[in-house]
Amino acid sequence: MMNVPTEHILTLSALLFATGVLGFLIRRNVIIVLASIELMLNAANLTFLAASRHWSQTHLAADGVNIMQGPIFSLFVILVAAAEAAVGLALVIAFYRLKQTVALDALTELKD
Amino acid sequence: MADTLFYILAAGTLACGMGVVTARMPLFSVLSLLGSLFCLSAIYLLSGFQFLAATQLLVYAGAIMVLFLFVIMLLNLGDEAELQGHLGFSLSGKKGLIAGATALSLGLVGVVGAGYSTPFVANPAYERGVDDLNALATVLFSRYALPFEAASLLLLATMIGVITLAKRQRTTDAGAHPQSAPPSTDGETAA
């Protein structure tokens, strides 16, 4: 096991989340936007696990903190991500059937 | 040794993440996401989360990535250049400014946070991994039993929703939006 300080893992998580936000905002291909959302969910997962690892340290572990919460929350996040990907990609297929494109700019159904 | 490996994997994760955002073709974007997920799984393993690393590989790299690739190949999405504008970026004006500022400030928070690095003291009790499967299952099936059952409901609802979305074309689409539907009829709707 590694001895990297928790702050460095959290930094990686923040940078990964920022990358996901950037992709979510500047791309107009629906599939790449969904991939960016997966990046953000993974960053959140990494944060949960870093916190769990942090509280498992020798001088912190005694005071009733349940370090299993991190892995369990991560498990639920992975589950929700799977459901989200399934619904999102089904929507992409329905969208493509309707418009013959995957450009987000074409989604103006609610505006008109 | 393991520390160096972590920094290499972190660099790989971020490089692949940038690949997701900047790739020209959706296929390369998704493959880059796969690389990012692999690096993250290795980081989980190094942090002492063996079960989560395996789950990450099975669910993300296995199931979700296959779903993404399947949709890309089903829709025959090749080059993105046919989208209006170059490269499919919509980085323009106020929106691009907001995007850049958000990402930059988030990243800066992380870099500033890296300045405060308290040393990590590993607990010998967790020498064989933090998420021991026995302890994890004990907590999951006692304290988190209700969320666990709710998760199964969520999956059921997702399944029904996806089936509904996938087969709604013949009945509702043709009649509901006659003016907005594209002129290309594929024979199924006509029949």
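**Notebook: helix packing and the A–B interface**

I began with handedness: α1(A) and α2(A) cross in a left-handed way (left-handed if the near helix is turned anticlockwise from the far one by less than a right angle, right-handed if clockwise). Helices here are DSSP runs of H or I with at least four residues, numbered from the N terminus.

The model is predicted, with local features needing pLDDT of at least 70 and side-chain atom pairs pLDDT 80 or more, while totals for chains, interfaces and linings use all residues. Residues are numbered from 1 along each chain as written, chains are lettered from A and ligands numbered from 1 in written order, and side-chain values use heavy atoms, without hydrogens or water.

**Within chain A**

I looked up the axes of α1(A), residues 6-26, and α2(A), residues 30-55: they come within 8 Å and cross at roughly 165 degrees. Axes are lines fitted to C-alpha atoms, for helices over the stretch in contact, and angles run from 0 to 180 degrees between N-to-C directions. The pair is therefore roughly antiparallel (over 145 degrees; under 35 is roughly parallel, 65 to 115 roughly perpendicular, the rest oblique).

I then listed contacts, meaning heavy atoms within 4.5 Å. Residues of α1(A) including Leu16(A), Phe17(A) and Phe24(A) meet residues of α2(A), among them Met40(A), Leu46(A) and His54(A). By class I read 14 nonpolar, 8 polar and 1 charged residues. Nonpolar covers Ala, Val, Leu, Ile, Met, Phe, Trp, Tyr, Cys and Pro; charged covers Asp, Glu, Lys and Arg; the others, Gly among them, are polar.

**Between the chains**

I found 97 residues of chain B in contact with 78 of chain A. The buried area is about 7,900 Å², with 73% from carbon and sulfur atoms. That is accessible area (1.4 Å probe) lost on putting two parts together, summed over both. On the chain B side, Tyr60(B), Phe68(B) and Phe120(B) lose the most, together 9% of what that side buries.

Next, α2(A) against α2(B), residues 26-47: about 5 degrees, axes 10 Å apart. They are therefore roughly parallel. This contact has 13 nonpolar, 5 polar and 2 charged residues.

Last, α3(A), residues 69-99, packs on α5(B), residues 133-140, at about 70 degrees, axes 10 Å apart. These two are therefore roughly perpendicular. Pro71(A), Ile72(A), Leu75(A) and Phe76(A) meet Leu136(B), Val139(B) and Leu140(B). I count 7 nonpolar, no polar and no charged residues there.
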